[in-house]
Amino acid sequence: MPKTHEKTGIVLAGIAIGVIASLLVFFGNPVNMGFCIACFLRDISGALGLHTAPAVQYIRPEILGLVLGSFLLSVFRKEFMPRGGSSPLTRFVLGFFVMIGCLMFLGCPFRMILRLAGGDLNAVFGLLGFVCGILAGVFFLNKGYSLKRTYKLPTLEGAAFSAIQVALLVLLVAAPAFIYFSEAGAGPGALHAPILISLAAGLIVGALAQRTRLCMVGGIRDLVLFGEWKLLAGFIAILASALVCNLVLTGTGAGTFFTLGMEGQPVAHTDGLWNFLGMLLAGFGCVLLGGCPLRQLVLSGEGNTDSAITVLGLGIGAAFAHNFGLASSGTGPTANGKVAVVIGIVVVAVIAVANTVRTEKA
Amino acid sequence: MKELDARGLSCPEPVVMIRKAMISKENAYQMVVDNVTAKENVTRYAQHQGYQVSVQEADGEYRLSITK
């Protein structure tokens, strides 16, 4: 694709994604949470009983749609490529701690943009931390950081993660007794758009993200590394379109989709330092992983099993976060969560150093 | 001509690799990558640096000829 078409394509995709995210709130998702990969994976972990926080248990069709949308389009475009083997356990650990960082902040990088678009100024601290984390990651990339090469794998291996999404969809629709769903009024897990709307939104956004390589961490990373604006253009387009859509919806009296300020924001807390450090951990970890949680879902749909392992790390991280009281709530971060974020930053830094030194010796 | 093998490397590593190689300002590079994203990103970066890029595909691998 020519360069100008690439940039136009990702801006148009970003505009569409921003509108879809805003509309998902209109149709029932929690406010400023049209999409949140971290929150939605956390809800799925809860639905499967991996944690028992009653407020956040639901099999989010958006996640299943994102993976399957990417899978279907990549198969159609002959870009489906089963591969893996690039330090999978290290990626699992990185995914785990990225989730710890996200649940300190209460949102993945995607939701960080949507929180900004909803007027939540706490997300500004998150954004600053995110940029610092990305800069830390870029420092190691420039020094030769690498998780080594991937290798071709059998088709079944590459398609397995997408098959798991279909199984989750069956569990969502069948709703057997062993799957947990937050009861009405229990919290964000009980707030969701109808299944078909959520699934369709996931499929469309998954396909758009597969086509455009959209990545929340890649935008700032590529600008710093190479002076390349393409991915950042998508990031900004989502922010702008979700902001406009929130203002329009609020203006039409459909509800409150935009409230400027820091106090009383939905599913958010006002502790600036820990919002900063949470997203610093997430940004740092995501650069070392090669992409944000959304990008990991899209890559796993394309057959990348390292990304699938990363998503499992995110999901298990969410389960730990709620089992051990690490996740923040609207009232603020927990003491355990603060310890976990500090440990996470140390672990991610050790992974960065270990995989850089080894490269330079090689 | 410098030859670079970025097969199996995920982005942005192939671009970091070509950027490092371009410090020596050679007139031609050959690079092989094995995914579309790496092909697109390396092509875009090389074009930004004033190089021309031609791509040959075979067996899921892309051979990029990068020349001034």
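How many residue pairs are in polar contact between chain A and chain B? Some notes on that and on the cysteines follow.

1. This is a predicted model, where local features need pLDDT of at least 70, side-chain atom pairs count only at pLDDT 80 or more, and totals for chains, interfaces and linings use all residues. Residues are numbered from 1 along each chain as its sequence is written, chains are lettered from A in the order in which they are written, and side-chain values use heavy atoms, with hydrogens and water left out.

2. To the opening question: 12 residue pairs, both at pLDDT 80 or more, are in polar contact between chain A and chain B (N or O atoms within 3.5 Å; within protein, one must be able to donate a hydrogen and the other to accept it, and residues adjacent in sequence count only if both atoms are side-chain atoms).

3. Arg44(B) and Glu6(A) form a salt bridge at 2.7 Å, N to O.

4. Now the cysteines: the whole structure has 1 disulfide over all chains (sulfur atoms within 2.5 Å). Cys36(A) and Cys39(A) are the partners, S to S 2.3 Å, and the link is right-handed, with 65° about the S-S bond.

Conventions. A salt bridge is a side-chain nitrogen of Lys or Arg within 4 Å of a carboxyl oxygen of Asp or Glu.
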